[in-house]
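Visitor: I have a model open and a few questions about it. Can we go through them one by one?
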Amino acid sequence: MRGDDVIAAAIRDAITNHVTLRIVGCGTWLDAGAPVTADAYLTLKEDSGIIAYVPDDLTVTARAGTTLRELAETLGANDQWIALDPEGDDDATLGATVATCSYGPAAALFGTPRDQVLGMTVVLGTGDVIHAGGRVVKNVAGFDLTRLMIGAWGTLGVITEITFRVRSRAMRKDSMAHMRRPFPASYGFREPIIVNPRLSAALKQRFDPAGILNPGIMREPQ
Amino acid sequence: MLDASVVDRLRSIVGDRYVLVRDAELLAYQSDGLPGYHKRPSVAVFPGSRDETIDVVRALAAVGAPFVSRGAGTGLSGGALADDVVLLGLHRLKGILDMDIARMRATVEPGVVNATLNKRLGPHGVFYAPDPSSEAACTIGGNVAENSGGPHCLKYGVTLNHVLAATVLLPDGEVLELGDRDGGMAGYDLLGAFVGSEGCFGVALDVTVRLTRRPESVRTALADFTSVADAARATSAIVASGVVPAALEFMDNGTIRVVEESIFAAGYPADAAAILLIEVDGSAEGADADMELVRGLCVECGARTVRVAANEAERTRLWQGRKKAFGAMGRLAPNLAVQDAVIPRTQLTQVLAQLHAIADSHGVTVCNVFHAGDGNLHPNISYADGDADQARRVHEAMGAMMKACVDAGGSITGEHGVGLDKLQYMPMLFDEPTLAAMCDLRSAFDPERRANPGKVVPIHSCREWLAAPSLRSASSGDGDAR
């Protein structure tokens, strides 16, 4: 399945036919969160590829099904990287990494996907295609739909394209050392737990009113 | 106008002295840092504590009254202007509630001034990194609302990257804890959405910020260039090299000359086409090595001289010219439109040429002083507000400059926010479904859209507005210019 229009059409069909969807990259996260019982899979893995990469801009835009490995190879040719090293192998997709806000030891220096993602294209649970954020490293135009989608585990929309901040690998060891921050663990992700029930329900109601996206993946707090 | 009984209720909460209703008293609150726009609040109310703030907002919620939150009023996009609604001034909430140096965090009330916090943190060898140029006056609450940046955000990140948690008062009076002081992440990133929401999602009652260790040493250099293109090339070369400068600031000839003619003269070469102010920090050895590399790159790209400040006094002087550049521009004309836009870094030379061409064709003068390292432009136009024709030309030139930045793949604001000023440019940057989704996000926090009404997203983008014709006639919300 490729392209925003195709995914939007699939979501609109699901709404019409009352079909719930499990959003999947390459399936690494299937066991995470609460068990999801969905009628069908919506797989992003085939929707891959680098859309825009200008090394001197230090930004890159890629489709959500692109793997960490593919992106690392492209950026590595210029001694660059996105400063993310989440647990698991490099066949994980960018979409899943961002949707779960997964991070690895590099987060202690550079932060999580929350600090690395500049913008994204998302097909909402309404079928609307939105273009949140942008492709520049600093941007405060409008409300931050990008941060909302990062770590939302695909429950508000399906991320189809992502723009990341890119860093040079050369000399990285001491340049960013002052970003050092305490992290509870060297690997982790944004916990899919409902923290503010009223606001969370209001968001779900507006972004996925039919409740078709990853039903049940956000757990009630213990 | 607010019902007299509501005004009485506000007086009973905060005391008579802190409720302003007379025109003469409200005059000071009809402007913020954005020139050319003036809106008079119906009432200004200044709670003195967290509990008073909650009571005020609940009293307003009870009668469905809209309100605008304001910190120090230094914002540059008109976000703190209240158009015949209640102005909620938060500058009296200036308690530093906790400084936990071991855990590298501090919890402050929204009215704490950015520089005041750093003054208190100084002796502990730590600092709060985001440093907007208004740091001496602007509040942390305002910084959170605007997701403020500053020169040193190139290395350290913007406000969003430094806020761990906040206690937020929703416009309906509910109090929520967003984020996690210990750095944990769970549930929707409501804190991430709240930071930069320009006062439209509620009021921050306290904010827990991340602290950063002071670098062991700092090196600051002035590189001067005889062509703008060379300075832009040097910027790209430095950023691509892997050195992450603490700051990388650009000033063009117009800015250099006005600074040098002012009391803030910093010893910039007045005949340079452009200068770069470059700061690196870290360990002493690391900073020296980085600075050598930077110097080499500047020379390679055609720098005439690269002068590294020999001591703290020289360093302060170099920075003073940059930090006071906006003030120095007061020498040119009574008003200064400080603009804010972002472009991809490789487009610097081309876009700067475009901005000058736009200024020329509109008969206005543009001075550029900006955060080159992250492509965050500040084209500034000096003008006299009293001259209607000139003010119109400035306004039109600004629109053309925004369009040039958007066409280059950039954004209409990197750190000042949309407020009232940029509302008209939002459809340039975002399509209708995206603007509608922003309205939906706001509605989750504030379904009645009473907090900072008419700002950030044009109201005609909202589904509710489209669905309810009755709202349309009642709304004042499209942010008419002056």
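Visitor: Where does B:Gly36 lie?
Guide: This is a predicted model. In it, B:Gly36 sits in the loop between helix H2 (23-26) and strand E2 (43-45) of chain B.

Visitor: Buried or exposed, or something in between, for B:Gly36?
Guide: B:Gly36 counts as partly exposed, because it has 16 C-beta neighbours inside 10 Å, and a buried residue would need 20 or more.

Visitor: What separates the C-alpha atoms of B:Gly36 and B:Gly192?
Guide: They are separated by 31 Å, and the two residues are 156 apart along the chain.

Visitor: Changing topic: how many residues does the contact take from chain A and from chain B?
Guide: Chain B gives 70 residues and chain A gives 58 residues.

Visitor: Which elements of chain B each supply at least two residues to that side?
Guide: Helix H7 (190-194), strand E11 (212-213), helix H8 (228-241), helix H15 (426-429) and helix H16 (432-445) of chain B do. H16(B) gives the most, with ten residues.

Visitor: What is the make-up by class of the side of chain B that touches chain A?
Guide: That side has 30 nonpolar, 28 polar and twelve charged residues.

Visitor: Now the sheet. What is the strand order in the open sheet of five strands in chain B?
Guide: The order is E5-E6-E10-E8-E9 (chain B), and the pairing is antiparallel. Strand E5 (96-100) and strand E9 (175-179) of chain B are the edge strands, each pairing on one side only. From one strand to the next, the twist averages 10 degrees.

Visitor: How many bridges join E8 of chain B to E9(B)?
Guide: Five bridges join strand E8 (residues 163-169) of chain B to E9(B), and the two run antiparallel. As one of the pairs, B:Thr167 has B:Glu177 in E9(B) as its bridge partner.

Visitor: Which strands of the sheet does helix H3 of chain B touch?
Guide: Helix H3 (residues 50-62) of chain B packs on the sheet and touches E8, E9 and strand E10 (203-210) of chain B. The direction of H3 makes about 140 degrees with that of E10(B). Helix H4 (residues 114-121) of chain B lies across E5 and strand E6 (105-108) of chain B, at about 40 degrees to E5(B).

Visitor: And what does the domain assignment of chain B give?
Guide: The assignment gives domain 1 (4-89), domain 2 (96-213), domain 3 (217-327), domain 4 (332-424) and domain 5 (430-474).

Visitor: How many residues of domain 1 of chain B are in contact with domain 5 of chain B?
Guide: Eight residues of domain 1 of chain B contact seven residues of domain 5 of chain B. On the domain 1 side, four are nonpolar, three polar and one charged. The centres of these two domains, taken over C-alpha atoms, are separated by 22 Å.

Terms used
Residues numbered from 1 in each chain as written. Chains lettered and ligands numbered in written order. Predicted model: local features only at pLDDT ≥ 70, side-chain atom pairs only at ≥ 80, totals over all residues. Contact = placed C-beta atoms within 7 Å. Helix = DSSP H or I, 4+ residues; strand = E, 2+ residues; numbered from the N terminus. Nonpolar A, V, L, I, M, F, W, Y, C, P; charged D, E, K, R; others polar. Pairing = 2+ DSSP bridges. Axes fitted to C-alpha atoms, helices over the stretch in contact; angles between N-to-C directions. Domains from an automatic or database assignment. Buried ≥ 20, exposed ≤ 12 C-beta atoms within 10 Å, placed from the backbone.
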